[in-house]
Amino acid sequence: MNIPPLPRSALPLSDLPNQLDLPLNRLGRSMEQQAAAHESKMEELELPTLDLDHESSSRFTEQLAAACRDHGVFRLVNHGVPADLTARLFRLTRDLLDTDPAKKAKLPGYFWGTPALSLRVKDLNWVEGLHLAPDNASADDGGAAYSAFRQAVTAEYVAHMARIARKLFDALAGDLALALDAEQRASYLEERGGTFRAYRYPACDPAAGRQHLGMEPHTDSSVLSILNMDLVGGLQVLRRDGPISRWCAVRPVEGALVVNLGDMMQAMSGGAYRSVEHRVVAPPPGTERMSLCYFAFPQEDAVIVPSSTGKEERYRAFSYREFREQVQADIKATGAKVGLARFRIPDHPSPAPQ
C-alpha cells in the first residue's frame, strides 16, 4: 500500500481551541485517548432505521422528523442504490489510491490528511481520498482508471444520491419544524450541486501505537450527508443526554446507508433538528476502511431563514454563499471551522455546554 508520510499536526488534538459548533475541548481528548477509545468496547448507538419504500406514508414522515430531532442521524434501507455499483466504486477507488504517492497526488480532487483541498487546516488526519464537486466533476486528466471512476460517480452514483436527498428533504419540508414554502423547498436543496467524496482510511502502522484519528470531530456544512460505508467500522457520533456527553459507535449494517444532518438543516429548523457531531477513528493495523459520502447543499444564493415554529429562533438569516465564505475565511485565519456559531443571534444563545 502506497501511503505518503503523514505531516505532523501543529498541535495535538487536546491542545486545539474550541472552534467547532459544539464544545469539543470539554471532552479532554488526546490522540492516545482516541486510540484507547477505539480499542475498548465502546457503547453502540441504536440508530433509527427508516425504509424509503414507505416514503409517502405519514408514519415515515413522523419517524424521519423524530430521528432528526432526537439523533440527527439515522439508517436508511431499501434506498435503491445497487450493491454492485457500491462495490464497483470501492474497487475503482482502491485501484486509484493503490498507486505511487507522486502519481495519485496528481489525480483531480485527490487529498491526504484533510478533504479541505486548497485550505490549510490546523490538524491533519489519517485519511486520503478523492473529491468530486460540480467545479471539477468534468476533469478528465487522470487517465483511463480515473475516467472510469469519474463516470461511475457522475453518471450513476450521484443520480441515486440526489434522488434520495430530494425524497428525504421533501418528506421533511412539511414538518412543523421547517414548514417550508414552495420557493424554499426548491432553493434549500440544490438538485445538481452535491459534492461526492471517496474516503480511504489506511491501516495504521502497529509501531505508531494507532494514535491517529481518521477524521477529527466535526459537523458537516451540508443540508444532509449520505454515507455508504464498508463493514470495518470506526464512525462515532457524540451523544448528549442531559449533563452527559459521550462518544458512541455506529455499527455498519450491510446494505444500509447512514444519513446525518448538517449545519444548514439545523439552521433551517431554528435548532429543532440537530447537525450531529461525528468523527472517525483509524482502523486497526492490517485493516483499511473505505466509505463514499454525498453532501447535499442549498443553492449558492439561497437565503436561509431559520424557522421559529415551535422553537426559539437561534440564527439570523444568511445565504449559503455567506456561510461558505465565512467557513473558508475562518479556516484560513485559524485552521479550523467555526460554523453556525458565527450566525447565532446573541439574545438567543445555544444551551450551555455540558
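This is a predicted model: local features need pLDDT of at least 70, side-chain atom pairs count only at pLDDT 80 or more; totals for chains, interfaces and linings use all residues.

Q: What volume does the largest cavity have?
A: The count comes to 1 cavity of 30 Å³ or more. As for its volume, the largest cavity has about 30 Å³.

Q: Which strand gives the largest share of the lining of the largest cavity?
A: Val237, Leu238 and Arg239 are among the lining residues. The strand with the largest share spans residues 235–241 and supplies 3 residues, and that is β8.

Q: Which residue in β11 stands opposite valine 237?
A: β8 and β11 run antiparallel, with 3 bridges joining them. Within β11, valine 237 faces histidine 278.

Q: Which residue stands opposite histidine 278 of β11 in the pairing with strand β6?
A: Strand β6 covers residues 213–218 and pairs with β11 in the antiparallel sense over 3 bridges. Opposite histidine 278 stands histidine 218.

Q: Which residues of strand β11 point the other way from His278 and Val280?
A: In a regular strand, side chains alternate between the two faces of the sheet. Strand β11 runs over residues 278–281, with His278 and Val280 pointing one way. All four are buried, and the ones pointing the other way are Arg279 and Val281.

Q: Is methionine 215 buried or exposed?
A: Methionine 215 lies in strand β6. Leaving aside residues up to four places away in sequence, methionine 215 touches Pro115, Asn125, Val127, Tyr199, Tyr201, Arg279 and Val280. Its relative accessibility is 8%, and the cut-off is under 20%, so methionine 215 counts as buried.

Q: What separates the C-alpha atoms of methionine 215 and alanine 282?
A: Along the chain, methionine 215 and alanine 282 are 67 residues apart.

Q: What relative accessible area does phenylalanine 295 have?
A: Phenylalanine 295 sits in strand β12, residues 289–296. Beyond residues up to four places away in sequence, phenylalanine 295 touches Gly194, Thr195, Arg197, Tyr199, Asp220, Ser222, Leu224 and Ser225. Phenylalanine 295 is buried, with a relative accessible area of 8%.

Q: Where is leucine 224 relative to phenylalanine 295, going by C-alpha separation?
A: The two are 71 residues apart along the chain. Leucine 224 is also one of the residues that phenylalanine 295 touches. Their C-alpha atoms are separated by 6.2 Å.

Q: Why does glutamine 266 count as buried?
A: Glutamine 266 is found in helix α7, residues 263–268. Not counting residues up to four places away in sequence, glutamine 266 touches Gly271, Tyr273, Arg274, Ser275, Tyr315 and Leu340. Buried means under 20% relative accessible area, and glutamine 266 has 17%.

Q: Which residues does threonine 86 touch, not counting residues up to four places away in sequence?
A: Threonine 86 belongs to helix α3, residues 83–97. With a relative accessible area of 11%, threonine 86 is buried. The residues touched are Val81, Tyr157, Asn228 and Leu292.

Q: Which residue is the bridge partner of threonine 49 in β2?
A: Strand β1, residues 49–51, runs parallel to β2, and 3 bridges join them. Strand β2 is largely enclosed by the rest of the structure, because 4 of its 5 residues are buried. In β2, threonine 49 has as its bridge partner arginine 75.

Q: What share of contacts between residues at least 6 apart in sequence join residues at least 24 apart?
A: The protein has 8 helices and 14 strands. Of its 354 residues, 54% count as buried. For those contacts, the share joining residues at least 24 apart is 78%.

Notes:
Residues are numbered from 1 along each chain as its sequence is written. Side-chain values use heavy atoms; hydrogens and water are left out. On a 1 Å grid over the protein atoms alone, a cavity is a set of points where a 1.4 Å probe fits but cannot get out, and a pocket is an open set with protein on both sides within 12 Å along at least five of seven lines; lining residues have an atom within 4 Å of a point. Grid points are joined across faces, edges and corners, and a volume is the space filled by probe spheres set on the points. Helices (H or I, at least four residues) and strands (E, at least two) are DSSP runs, numbered from the N terminus. Buried means under 20% relative accessible area, exposed over 50%, partly exposed in between (1.4 Å probe, protein chains only). Contact means heavy atoms within 4.5 Å. Two strands pair if DSSP finds at least two bridges between them.
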